[in-house]
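Morning, everyone. Please look at the screen.

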Amino acid sequence: MFVRRTRTTALAALALLNVFTIAAGLAVAHMLPPRLARLHVPVAAAGRVVNTTPVLTPAGNPTSTTQSTSLPTSSGLATMLSGALPSGATGTGLGVEVADAATGKVLYAANAGTPATPASTTKLVTAVASLAVLGPDARFTTTVRQSGGTVVLVGGGDPTLAVNEYPSSDYPRPATLAQLAAGTARALKSQGRHSVRLGYDTALYSGPDLGPGWGDDVATGNVTSIVSLEADQGRLTPSGAFEDSDDPVNYRARATDPAGMTAAAFAALLGQDGITVTGTPAQAVAPASAAELASVSSPPLYEIAEQMLLESNNVIAENLARHVAIALGQPATFTGAADALMTELRRLGISTPVSLVDGSGLSPQDEIAPETLVRVLQLAQRTPRLRGVITGLPVAGFVGTLSAGDSDFGGIGQLAGGTARGVVRAKTGNLSTVATLAGLAYDKAGTLLLFAIMAPQVPGADQLQAAADAIDTAAAGLAACGCS
């Protein structure tokens, strides 16, 4: 009798609990937003829902020695390129090479071994050499050292150093003087110091600050003086302050004394952190025995190389070239840097024509043959250590100097019915009468092609856009090409 009563009581309790649970669930459901209340628990499908097909035909292993059966022919490429590159737009001396990325086989060549003014396609050489010599994870360090009552801000050749944090959308994230000042202030306060003199050391580099053959590029916003200590790459706001943003289309005149301005900005930041700087910051050389108070380091080199290529950043290029010179025991000058780049290219097995006087391509005295640019791209494509060169190439119609408004070549993504959009990746280059493009493209059959197109003698500065448009059309033609 007792057992039956207990069982009845338990069943009644369970029934009441179920009623309460259902009622509570209904109440909560009415409290939920309608969209959330309609959520369903995901379940695995009983069978295949969608049949997928490849987006692009596989290009094959880039290191394979097996030749593709669908390669464009020389005659087919000649027909397409001759129509896309009229001499009236490109001028005389046009040089072109197109090669199969998988095998390295040259599919088309015209003046490909003739040295030509490369403009910013020079940065492909600088990127490959710097990544090969320094390694993709290398970083550049800016330090503060102390000697008695003086602290010295020591430039380490970080071309991405900023004053303050950049906007959150900017990439890569640079080291900042604000971080360095905060660390320096903490170290000084731990010593009981609240007042110091400030010096700044730019001894890492030597020689002229501006390259051979350069024009008025500081005034036109293309570059600033190349020194081992500079913030925001010398980019300025309309009021003359450092910009604190990575703005590749800021063409206002840049800082004429970037090291002095950087030291002044650092002094102001120390003041905000409770350290008074007495007197005016002055150039100095930090003694070898001076203790390090604080330091900040740049992003890794592969990120910096990508930024350089996407933006065609001249300041980054010249700093990287100097770091190659230092690593190879050459003087950290324009001449030493150019010699170091060429030395490394030869060590990497590239013996085709190249003659440089800078690392950015700003100088019209630079010379590179189209076949050399193709060899550089092929090496980068096949070598994991150098992959930052490929990932850093502008993408047609999407990012970098192949996107709308970023350069004379920004229309490439809209040509040939959009065939090139997202399919062509290439480094742009232009001076007043020079237009060049070198990169890679998947053709209609999915074959990966490497190419360099160089117009070093555009008829006049007013024809530069027409030359760039013609080269765009040629590159887009490669993407649309069956060219058999």
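First, the ground rules. This is a predicted model, so local features need pLDDT of at least 70, side-chain atom pairs count only at pLDDT 80 or more, and totals for chains, interfaces and linings use all residues. Residues are numbered from 1 along each chain as its sequence is written, and side-chain values use heavy atoms, with hydrogens and water left out.

How many salt bridges does a search of the whole structure find? Seven. The criterion is a side-chain nitrogen of Lys or Arg within 4 Å of a carboxyl oxygen of Asp or Glu.

Take arginine 145 and glutamate 292. Their side chains meet at 3.7 Å, N to O. This pair links distant parts of the chain: strand 3 (residues 141-147) holds arginine 145, strand 8 (residues 291-297) holds glutamate 292, and they sit 147 residues apart. Strands are DSSP E runs of at least two residues, helices H or I runs of at least four, both numbered from the N terminus.

Now exposure. Buried is under 20% relative accessible area, exposed is over 50%, partly exposed is in between, with a 1.4 Å probe and protein chains only. Arginine 145 is partly exposed at 26%. So is glutamate 292, at 43%.

Next, arginine 173 bridges to glutamate 165, at 3.4 Å between the closest N and O atoms.

Last, arginine 375 and glutamate 371, at 3.9 Å. They are four residues apart in helix 11 (residues 370-382), so about one helical turn separates them. Glutamate 371 is buried at 17%; arginine 375 is partly exposed at 23%.
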